[in-house]
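I opened the model today to look up a handful of things and to write down what I found. The entries follow in the order in which I took them.

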Amino acid sequence: MSKDVVSSRISSQDHINLVDKHSAHNYHPLPIVVARAEGIWVYDVEGKRYLDMLAAYSALNFGHCNPRLVKVAREQLGVVTLASRAFQSDQLGLFCRDLARLCHMDRVLPMNSGAEGVETAIKTARKWGYQKKGVPDGKAKIICCAGNFHGRTTTIISFSDDPSARADYGPFTPGFDLIPYGDLEALRAAIDDNTVAFLVEPIQGEGGIIIPPSGFLTKARELCRSKNVLFIADEIQSGLGRTGKTFTCEHEGVQPDIYILGKALGGGLVAVSAVVSSDEILGVFKPGEHGSTFGGNPLACRIGREVIAMLEAGDIQKSAEELGGYLLVELQKANFKCVREIRGRGLWIGIEIRPEFGPARPYCEKLMVDGVLCKETHVQTIRLAPPLTITRDEIDWALERLRRALG
Ligand SMILES: *Cc1c(COP(=O)(O)O)cnc(C)c1O
């Protein structure tokens with residue numbers, strides 16, 4: 001067992017009390033205090049084991065403390081971790097080359113958090129609009145979708161329609177329009193001469209695993225091409241194997257103008273995000289016009305490169321597709337009375353509870369007591385997103401508990 005003697009003298013409840021007293025209350029976590037984790041399993045302070053069916057919102061696609069990732073991180077830790085972009089490092093070019101190849105793109109702009117990636121994509125699209133498309137100064141418009149989640153910065157929440165994400169944070173950044181998610185005609189009507197980009201999640205994760213109508217992404221992509229509007233896919237949560245392909249856009253054969261990546265790109269070890277695009281589009285940046293102290297640091301790049309190598313092997317995508325399909329069918333077969341709809345793609349499943357059966361949270365609490373960790377999103381939906389390294393037996397183990405909690 002762990003040598004973590006000091007913290008094990010403090011109980012889970014003590015830790016919860018500390019957080020309650022000394023941390024800002026910007027989250028409402030389940031009362032489980034993680035002290036150790038390995039693969040798909042996490043252990044609380046008292047040593048109880050839980051199956052992690054949330055995987056840090058898809059940041060842990062390769063599982064906790066993935067040995068291959070930990071190994072390269074350890075090696076890199078003793079060599080060089082930060083050079084800053086004032087100098088070159090011997091990891092940056094290799095990472096950018098590999099990530100561009102994975103995305104079938106030319107160039108990468110590395111950042112840290114997902115929100116920074118989204119901010120970077122917005123700046124990229126606006127600069128492209130002024131320099132390449134000829135949009136009049138200050139007029140660039142970006143179209144986004146109702147129900148979106150792209151992060152927490154002041155600009156990003158300016159185009160959120162979630163009241164709790166926006167309340168008391170104004171004034172907001174102008175230049176964004178919202179259309180209903182998956183509505184091609186609304187997109188067509190919203191595009192005008194000043195539109196520089198359409199920013200979209202190929203599946204809305206925080207929104208509750210909302211899958212757009214079949215063909216929407218393809219047609220939206222074509223529409224953008226014909227109107228000289230950049231198609232920006234936020235694949236921070238949907239990408240890197242989660243839905244059974246490297247990118248969710250691939251399910252419809254769509255190659256966006258810009259990918260925004262994050263979460264699993266850092267292997268669950270470090271925060272790594274990136275904007276990936278073409279020579280023409282990322283070529284708009286000149287030295288000094290954008291940057292990040294930690295963006296593209298050697299530690300992040302080394303880990304990111306190993307993540308890319310694991311994705312290029314393709315096993316994780318295949319497994320997500322097969323086991324995700326199995327889990328979805330098994331859940332749908334159960335015909336739970338309390339469930340309005342179960343939807344999903346790959347190992348990414350939303351279970352929407354009928355309002356008359358109350359919110360999703362008590363179901364998550366019940367599952368936690370039974371050893372399965374997941375979390376509600378938007379009050380009514382339980383989101384399942386286990387590490388993609390999960391096995392069929394472990395899915396069955398979870399299914400037994402899901403049947404118990406929902407039945
Ligand atoms: C998580 C997420 C973000 C924000 O990422 P952070 O690392 O939390 O800033 C942006 N877009 C999508 C689709 C996400 O799921």
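**Ligand shell**

I began with the make-up of the shell around the ligand, whose residues divide into three nonpolar, five polar and three charged; here Ala, Val, Leu, Ile, Met, Phe, Trp, Tyr, Cys and Pro count as nonpolar, Asp, Glu, Lys and Arg as charged, and the others, Gly among them, as polar. Before going on I note that this is a predicted model, in which local features need pLDDT of at least 70 and side-chain atom pairs count only at pLDDT 80 or more, while totals for chains, interfaces and linings use all residues. Residues are numbered from 1 along each chain as its sequence is written, and side-chain values use heavy atoms, with hydrogens and water left out.

Which residues surround the ligand? I listed S113, G114, A115, F149, H150, G151, E201, D234, I236, Q237 and K263, a residue being near a molecule or strand if one of its heavy atoms lies within 4 Å of it.

I then looked for polar contacts, meaning pairs of N or O atoms within 3.5 Å, where within protein one atom must be able to donate a hydrogen and the other to accept it, and residues adjacent in sequence count only if both atoms are side-chain atoms. A polar backbone atom of G114 is 2.8 Å from an oxygen atom of the ligand, and a backbone N or O atom of A115 also lies 2.8 Å from a ligand oxygen. From Q237 a polar side-chain atom lies 2.7 Å from an oxygen atom of the ligand. The ligand taken alone exposes 380 Å², of which the protein buries 80%; the areas come from the Shrake-Rupley method with a 1.4 Å probe, and for residues only the protein chains shown count as cover.

I stayed with Q237, which lies in the loop between β8 (230-234) and β9 (258-261); helices (H or I, at least four residues) and strands (E, at least two) are DSSP runs, numbered from the N terminus. Q237 is buried, with a relative accessible area of 8%, where buried means under 20%, exposed over 50% and partly exposed in between (1.4 Å probe, protein chains only). The side chain of Q237 also makes a polar contact of 2.7 Å with the side chain of R383.

From the shell residue S113 I followed the backbone oxygen, which lies 2.6 Å from a polar side-chain atom of S273. S273 is found in strand β10 (residues 273-277) and is buried at a relative accessible area of 0%.

S160 sits in the loop between α7 (154-157) and α8 (163-166) and counts as buried at 10% relative accessibility.

**Cysteines**

How many disulfides does the structure hold? I found zero, with a disulfide taken as a pair of cysteine sulfur atoms within 2.5 Å. C96 is in no disulfide, and its nearest cysteine sulfur, that of C301, is 6.1 Å away; C96 is buried, at 17% relative accessible area. C374 is buried, with a relative accessible area of 2%.

**Backbone points**

I checked the peptide bond from G170 to P171 and found it cis, with omega near 0°; P171 is placed in the loop between α8 and β6 (176-179). C65, although not a glycine, has a positive phi of about 45°, and it belongs to the loop between α3 (55-58) and α4 (67-77), where it is partly exposed at 46%. S84, another residue other than glycine, has a positive phi near 70° and lies in the loop between α4 and α5 (92-103).

**Whole chain**

Finally I recorded that the secondary structure of the chain comes to 15 helices and 15 strands. The radius of gyration is 21 Å, close to the 22 Å that the globule rule gives for 407 residues, so the chain is as compact as a globular protein of that length; the radius is taken over C-alpha atoms, and the rule is 2.2 Å times the number of residues to the power 0.38. Buried residues make up 55% of the 407.
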